[in-house]
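Hello,

Here is the structure I promised to send over. Please open it alongside this message, and have a look around before you read on.

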Amino acid sequence: MILQGLRFVLPRRSDPAQLPAKPTVVLDDVSKHYSSGTGALAAVSGVSLEIRPGQLTLLMGPSGSGKTTLLSLMGGILRPTRGRIVVCGKDLAAMPEEERSGIRLAHVGFVFQSYNLFPTLTARQNVEIALDIKGIKGRARRMQADELLDQMELRDKADTYPADLSGGQKQRVAIARALTGTPSVILADEPTAALDSVNGRRIIKLFRGLTGSQERAVVVVSHDSRIVEFADRVIRIEDGRIAADGPPERATGEPAPLTAAIIRRPSLVESAWAP
Amino acid sequence: MNSLVAPIARCSGMSTVLAVRNLVHDRVRLIVTLVGVVFAVVLINIQIGLFLGFATTTSSLIDHSHADLWIMAPGTRDVDQAVALSERKLYQALAVPGVREAARLNVEFAYFKRPDGGTESALIVGFDPDLGLGGPWDVVAGDVRDLRFPDTIMVDELYREKLGITHLGQIVEISGHRAQVVGFTHGIRSFTQSPYVFASTRTALDYSRIRSDQTKYVLVALSPGADRNAVKSTLVHRLADVQVLATDEFSRLTQFYWMFTTGAGLALLVAAAVGLAVGVVVVSQTLYATTVDHLAEFGTLRAIGASSRYIHGVIIRQAILSAIIGYVLGLTLTVVILHGIGDAGPAILLPWWMAAAMFGVTILMCVGAALISIKKITRLDPAMVFK
């Protein structure tokens with residue numbers, strides 16, 4: 001019901017010309033500064049971008065470049081020092097934490113590098129708790145959790161504790177949890193960092209599948225260059241600023257082998273990519 | 001464990017499941033938490049139980065007197081210590097409309113000589129066996145009417161060993177006078193540890209220093225339908241230089257005197273408060289440690305959109321679960337201790353209302369102890385999930 005047809009289906013790369021006009025996430029001149037002993041430290045500076053549904057956007061850049069801060073800002077976990085962040089039409093910048101929490105609950109799914117599963121809960125209960133927070137109770141909650149685990153091919157691990165799951169299985173449980181309530185945007189922080197190449201590839205294919213089948217925006221922060229071939233768009237962050245923004249072939253210098261054949265037109269944001 | 005948790009999840013949601021899991025995850029810490037709660041519950045139960053037991057003991061003679069009004073010397077503050085009145089007050093009281101019966105009652109310390117030669121202090125209660133006002137209750141051997149005979153007494157079973165009494169009919173010596181034990185009561189304790197020895201007014205005069213034309217108290221039983229307050233006012237007016245108290249008033253006065261002016265009750269209440277404080281400290285520390293251990297998980301909850309109320313609910317549930325388990329164990333242990341003490345020790349009362357109130361106190365104690373953890377969570381930065 002929730003994820004019908006999701007299972008490892010690789011949809012075609014999004015055609016920018018056919019993208020819905022309304023972006024899921026809009027960042028307008030967003031900055032995030034932290035105070036330090038020597039003054040303010042700019043983690044993100046004057047970033048403006050739009051994240052559209054059906055796109056898998058990859059945020060790349062060196063360590064400390066501000067990728068994760070940017071992801072946190074998009075998800076309303078951090079409040080910007082300056083600028084406007086709009087998620088599904090709601091401006092998060094001025095909202096108090098409790099309201100931002102409500103927006104995260106309704107529209108955003110998070111996937112973390114270290115999975116952040118509850119070690120004392122089984123795989124099913126890890127998914128159920130997210131459904132519970134969203135107000136889904138009783139039998140419906142359990143059925144939806146089982147359905148999500150089924151989509152992740154983890155039904156047989158429903159009663160297994162995270163400690164007894166492999167890294168890939170844990171990340172799939174985390175994705176199932178992120179998908180509860182059909183969020184408009186999935187934000188993933190280094191989702192393949194703790195996985196071997198096979199599992200990493202499997203997970204990223206999963207993310208790829210999430211965009212096409214659900215018309216959902218997926219933003220992935222990663223160092224992993226193998227992911228580039230699955231992305232619709234690569235944003236390179238350096239020193240808290242967008243250094244480059246465009247389709248993956250521009251990020252790697254050549255079209256991604258998997259998707260080169262279906263790329264027809266340059267990205268709408270390609271102009272921002274030009275040096 | 002899963003089979004245990006599944007019904008909880010169905011009935012009360014995942015926050016309860018998470019609370020249970022967090023609690024049982026570290027069993028050592030759970031045990032420390034429960035020990036804290038159990039310690040507090042037992043200590044508070046015992047101390048408050050002692051307080052109630054002592055308070056009840058101090059006024060038991062009054063509460064079981066079957067009298068409606070007590071006439072005594074002005075300034076009398078407790079039943080064990082009073083100045084004697086003229087016997088004429090008895091007859092004056094009998095003349096007041098609404099008074100059905102009036103009887104003398106003397107409560108006076110005397111020396112009780114044990115068969116082995118030792119002496120014990122005893123409180124001689126001289127009452128009128130024909131009227132029964134102020135007489136013994138819960139008689140388990142003998143008959144109160146036997147006290148009409150001269151030199152006969154009745155004591156409580158609890159004090160048989162203390163007084164060296166082995167059997168009914170035994171001859172003992174009180175204040176140099178002969179006395180024969182004609183009956184035993186059960187459970188009539190004395191707060192002063194000087195046992196009550198019941199005798200007729202006539203016999204009691206021989207054991208005490210009260211003159212035959214005096215009495216410590218005049219006990220009044222009202223006619224059916226008589227207005228207690230009106231009779232009381234008339235007695236105060238007609239019997240000059242006396243204090244007239246209703247039975248419940250004198251009971252409270254006596255309890256207050258022993259429990260608060262002597263410091264005995266305050267000591268018990270302070271001990272109960274210490275129990276409560278220890279419980280709060282132990283539970284708050286262990287709950288806080290549990291919260292800190294699971295901080296990353298609370299951060300994840302926050303990041304995925306859980307409201308403060310939801311997260312606080314998890315901590316509150318942990319506190320309530322600790323309280324429920326600790327209360328049940330603590331109450332069970334209290335009952336075992338009380339059963340173990342039996343009649344040999346001090347009177348410790350555990351009425352149902354106190355057990356119920358204690359449940360509320362335990363819940364409040366644990367929820368109060370959880371406030372520090374809640375404060376910690378309130379300051380939690382959801383961005384920690386990316387660190």
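This is a predicted model: local features need pLDDT of at least 70, side-chain atom pairs count only at pLDDT 80 or more; totals for chains, interfaces and linings use all residues.

**Chain B overall**

Chain B holds 14 helices and twelve strands. Its radius of gyration is 29 Å, whereas the globule rule gives 21 Å for 387 residues, so chain B is more spread out than a compact globule. You can see this in the C-alpha trace of chain B too, which spans about 95 × 50 × 35 Å along its principal axes. Of the 387 residues in chain B, 46% are buried. If you take the contacts in chain B with a separation of 6 or more, 82% of them join residues 24 or more positions apart.

**Where the chains touch**

The contact involves 26 residues of chain A and 25 residues of chain B. On the chain B side, at least two residues each come from α1 (2–12), α2 (14–25), α11 (295–303) and α12 (308–341). Which of these gives the most? That is α2(B), with seven residues.

Helix α3 of chain A (residues 123–133) and α2(B) have axes that come within 9 Å and cross at roughly 135°. An angle over 145 degrees would count as roughly antiparallel, so at roughly 135° α3(A) is oblique to α2(B). From α3(A), the residues Gln125(A), Glu128(A), Ile129(A) and Asp132(A) take part, and they meet Met14(B), Ser15(B), Val17(B) and Leu18(B) of α2(B). The residues of this helix contact are four nonpolar, two polar and two charged.

As a general point, nonpolar side chains tend to be buried together in soluble globular proteins. Here, the largest nonpolar core has 122 residues, and the members that touch the most others are Leu59(A), Val219(A) and Val220(A). The largest share of this core comes from helix α3 of chain B (residues 27–58), which supplies 15 residues.

Beyond its neighbours within four places in sequence, Leu59(A) is in contact with Lys67(A), Leu70(A), Leu71(A), Val219(A), Val220(A), Val221(A), Ile235(A) and Ile237(A). There is also a second, separate core of 57 residues, with Met72(B), Val107(B), Phe112(B) and Ala204(B) among them.

Best wishes

Note on methods
Residues are numbered from 1 along each chain as its sequence is written. Chains are lettered from A and ligands numbered from 1 in the order in which they are written. A nonpolar core is a set of buried Ala, Val, Leu, Ile, Met, Phe, Trp, Tyr and Cys residues joined through C-beta atoms within 7 Å. A residue is buried if 20 or more other C-beta atoms lie within 10 Å of its own, exposed if 12 or fewer, and partly exposed in between; C-beta atoms are placed from the backbone. Helices (H or I, at least four residues) and strands (E, at least two) are DSSP runs, numbered from the N terminus. Two residues are in contact if their C-beta atoms, placed from the backbone, lie within 7 Å. The radius of gyration is taken over C-alpha atoms; the globule rule is 2.2 Å times the number of residues to the power 0.38. Axes are lines fitted to C-alpha atoms, for helices over the stretch in contact, and angles run from 0 to 180 degrees between N-to-C directions. Angles under 35 degrees count as roughly parallel, over 145 as roughly antiparallel, 65 to 115 as roughly perpendicular and the rest as oblique. Ala, Val, Leu, Ile, Met, Phe, Trp, Tyr, Cys and Pro count as nonpolar, Asp, Glu, Lys and Arg as charged, and the others, Gly among them, as polar.
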